[in-house]
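Please read the following briefing beside the sequence and the model. It is written for someone meeting this structure for the first time, and its points are grouped by topic.

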Amino acid sequence: MASLISSWASQVNTVPERYVVPSEKRLNINVPIGKDIPVIDFSLPSEKIVEDIIKASQEYGVFQVINHGVSQELIVDVLKVCEEFYKLPMEELEKFTEEEEELSEFEPNLDQKPKLFIEKEYRPKKNGKNDKEVIFWKDTFAHCTHPTKEDRISSWPEKPEKYREVIGKYSEGVRKTSLKVLELMCEGLGLEKDHFAYELSQIQYLLINLYPKCPDPTVIAGAAEHTDGGVINMLLQKLGGLHVRRQKDGQWFAVEPIPGALVCINGMLLKVISNGKLESGIHRVATNSVRDRISVGCLTSPACNGECIIEPARALLSETNPPKYKPFSCTEYSKIFFTDTSEFEAALNPYKL
């Protein structure tokens with residue numbers, strides 16, 4: 001089975017060589033807190049919320065939301081049950097690993113079973129050679145939480161005892177918040193409010209990331225600089241470590257944990273559908289040497305194995321605002337995005353010869 005990082009991280013005094021990141025990819029773990037990263041209060045009038053969401057999506061592609069409808073009590077329960085999951089005996093965790101491979105990926109499709117894995121950076125071969133692989137200092141457990149069916153829920157962990165109940169309630173609440181955010185974005189863009197309501201938000205999947213404390217956080221990456229592949233990701237964090245990049249100058253800031261808040265991270269698909277009017281949130285994760293860190297993401301997306309066509313919303317296009325991206329199916333998108341995200345936009349340029 002995969003040797004989960006959390007199974008041995010507390011026993012080492014130095015970082016094993018295979019997890020050491022090349023110097024040019026190392027994170028500055030001491031970035032300032034982003035005091036101007038928007039915190040949007042969903043109890044305010046909708047006109048103000050729409051204005052704030054559009055502005056935040058243009059400046060950062062990231063914002064926090066409060067008074068979003070998911071109770072503080074449920075958030076506490078989610079964090080507790082996720083911590084309990086990673087403390088289960090190894091024989092319980094082994095049920096969700098794949099014996100034949102140590103490093104794995106999670107495909108966001110309806111057939112993907114719950115999976116516990118170690119993630120590495122997506123990197124294609126260059127001139128027939130691979131650079132040193134970047135293996136992230138985290139364990140990830142992921143599974144689909146929407147649409148919910150009895151046979152799908154029955155594949156979720158039976159332990160901890162309240163896992164299915166708590167994760168089910170939390171996922172349902174976060175999905176409502178995600179769809180509400182998308183409706184408000186549509187209002188701000190001038191689209192029909194249900195533009196994202198069907199195929200574009202067909203699935204929601206949960207990612208529980210455990211970043212074990214590290215003897216030297218300066219030489220590893222919890223997650224390298226990247227954008228998410230879906231539409232939006234609603235992230236719950238208790239401890240700091242999430243960094244986001246400001247669009248106008250490329251400066252990095254830490255996202256301050258706010259009790260009860262959800263961090264909304266725009267995905268690359270949102271940038272494509274808005275024809276570049278909204279930015280995708282470029283982010284990364286730093287670890288620390290003192291405490292384990294858990295984050296819980298709920299990512300809304302089309303199914304990667306589906307034939308839903310992704311393209312700039314036609315209502316946004318005109319002679320003066322032509323499409324910046326060519327149409328592509330979700331299958332085509334997966335082949336490009338999960339091969340080399342750095343060249344993704346160039347690959348979808350409609351004017352590229």
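Asn275 is found in the loop between α6 (268-273) and β11 (283-285), in what is a predicted model. Although Asn275 is not a glycine, its phi is positive, at about 55°, and most residues other than glycine have a negative phi.

**Cis peptide bonds**

- Most peptide bonds are trans, which gives the background for the next two points.
- The bond from His146 to Pro147 is cis, with omega near 0°, and Pro147 is placed in the loop that runs between β4 (135-146) and α4 (150-153).
- Lys159 and Pro160 are likewise joined by a cis peptide bond, here with an omega of about -5°, and Pro160 belongs to the loop between α4 and α5 (163-189).

**Helix α1 and what it packs against**

- Helix α1 covers residues 46-59, 14 residues in number, and spans 20 Å from its first C-alpha to its last, which is close to the 20 Å expected at 1.5 Å a residue.
- The buried residues of α1 are Ile49, Val50, Asp52, Ile53, Ile54, Ala56 and Ser57, and these pack against β1 (39-41), β2, α5 and β10 (262-266).
- Just after α1 comes Gly61, which takes a positive phi of about 75°.

**The surroundings of Gln204**

- Gln204 has its place in strand β5 (residues 203-211), and because its relative accessibility is 0%, Gln204 counts as buried.
- A polar atom of the Gln204 side chain lies 3.1 Å from the backbone oxygen of Ser171.
- When neighbours within four places in sequence are left aside, the residues in contact with Gln204 include Cys144, Thr145 and His146, together with Val174, Arg175, Ser178, Cys298, Leu299 and Thr300.

**A sheet of four strands**

- Strands of a sheet pair through backbone hydrogen bonds, either parallel or antiparallel.
- In this model, an open sheet of 4 strands has the order β6-β11-β8-β9, and its pairing is antiparallel.
- Because β6 (223-226) and β9 (252-254) stand at the edges with a single partner strand each, one side of each is left without a neighbour in the sheet.
- Neighbouring strands of this sheet are turned against each other by 20° on average, with direction ignored.
- β6 and β11 are paired in the antiparallel sense over 2 bridges, and His226 has His283 in β11 as its bridge partner.
- Strand β8 (residues 242-245) runs antiparallel to β11 and is joined to it by 3 bridges, with His243 standing opposite Arg284.
- β8 pairs with β9 as well, again in the antiparallel sense and over 3 bridges, and here Val244 stands opposite Phe253.
- β8 and β9 form a hairpin that has 6 residues between the two strands, and in its turn Gly250 has a positive phi of about 75°.

Conventions:
Residues numbered from 1 in each chain as written. Predicted model: local features only at pLDDT ≥ 70, side-chain atom pairs only at ≥ 80, totals over all residues. Heavy atoms only, no water. Expected span 1.5 Å × (residues − 1). Buried < 20%, exposed > 50% of the residue type's maximum accessible area, 1.4 Å probe, protein only. Contact = heavy atoms within 4.5 Å. Polar contact = N/O pair within 3.5 Å; in protein donor to acceptor, adjacent residues only side chain to side chain. Pairing = 2+ DSSP bridges. Axes fitted to C-alpha atoms, helices over the stretch in contact; angles between N-to-C directions.
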